[in-house]
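Hi there,

Here is the structure I promised to pass on to you. Please open it first and have a look around, then read my notes below.

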Amino acid sequence: MNKRPKILATRDAPDSHFRRVEEVDLEFSNGERRTYQRLKGGGFGAVLIVAMRDPETVLLVREYGVGVDRYELGVPKGRLDRDETAEQGADRELKEEVGFGARKLKILGTLSLSPSYMTHLGYVVLAEDLYPERLQGDEPEELEVVPWRMDALHELLARDDVTEGRSIAALFMAREYLAGRYKPT
């Protein structure tokens, strides 16, 4: 495992795309009016990829998360590029982060980050029938790929390095879909 990066400095980023705040004036059905603030998502959306190496094994990645200042184990994920579908973005991110493409891609649904104050949504994409292919990504270091058995997903919950809720939810969505208990709309 890689050694955690050293934080050299921190400061406010006044012109960051992460800090775009808008006010929303609302009137509820009972006539009550309120003004809320929310963070506006930047870019064109995002994807979370559940990459199935085989019917029993998902491929996870270990990646540094600056928000929590540690390495986290989760599904590969990334932003969509302009004019890119969720399936195209998932296939590209999979090639960049894991070194595989997918012949079969299925959108299982979307997940929000914090719906009370953020507009961000990410597509959960199931990737199957993988084949080796690598694209150059934008990660500052190569990501560690970790195979994980789908029948051991419950063991991820006890790990200190698995805390990203979207990854956990995406894995369980895929498990339920593959078991025939969940049908995306």
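**What turned up**

Please keep in mind that this is a predicted model. Strand β2 (residues 33–39) gives the most to the side of domain 1 that touches domain 2, namely three residues. By type, the residues on that side of domain 1 are three nonpolar, two polar and two charged. Salt bridges across this interface also number zero under the rule.

Now for the overall layout. The domain assignment puts residues 6–39 in domain 1 and residues 45–179 in domain 2. Seven residues of domain 1 and six residues of domain 2 take part in the contact. Between the two domains, about 480 Å² of area is buried, and carbon and sulfur atoms give 57% of that. Taken over C-alpha atoms, the centres of domain 1 and domain 2 are 27 Å apart.

Is E128 buried or exposed? The cut-off for buried is under 20% relative accessible area. E128 has a relative accessible area of 18%, so E128 counts as buried. Which residues is E128 in contact with, leaving aside its neighbours within four places in sequence? They are M52, A102, R103, K104 and L178.

Enjoy exploring, and write back with any questions!

Best wishes

Technical notes: Residues are numbered from 1 along each chain as its sequence is written. This is a predicted model: local features need pLDDT of at least 70, side-chain atom pairs count only at pLDDT 80 or more; totals for chains, interfaces and linings use all residues. Side-chain values use heavy atoms; hydrogens and water are left out. Domain bounds come from an automatic or database domain assignment. Contact means heavy atoms within 4.5 Å. Buried area is the accessible area (1.4 Å probe) that two parts lose on being put together, summed over both. A salt bridge is a side-chain nitrogen of Lys or Arg within 4 Å of a carboxyl oxygen of Asp or Glu. Helices (H or I, at least four residues) and strands (E, at least two) are DSSP runs, numbered from the N terminus. Ala, Val, Leu, Ile, Met, Phe, Trp, Tyr, Cys and Pro count as nonpolar, Asp, Glu, Lys and Arg as charged, and the others, Gly among them, as polar. Buried means under 20% relative accessible area, exposed over 50%, partly exposed in between (1.4 Å probe, protein chains only).
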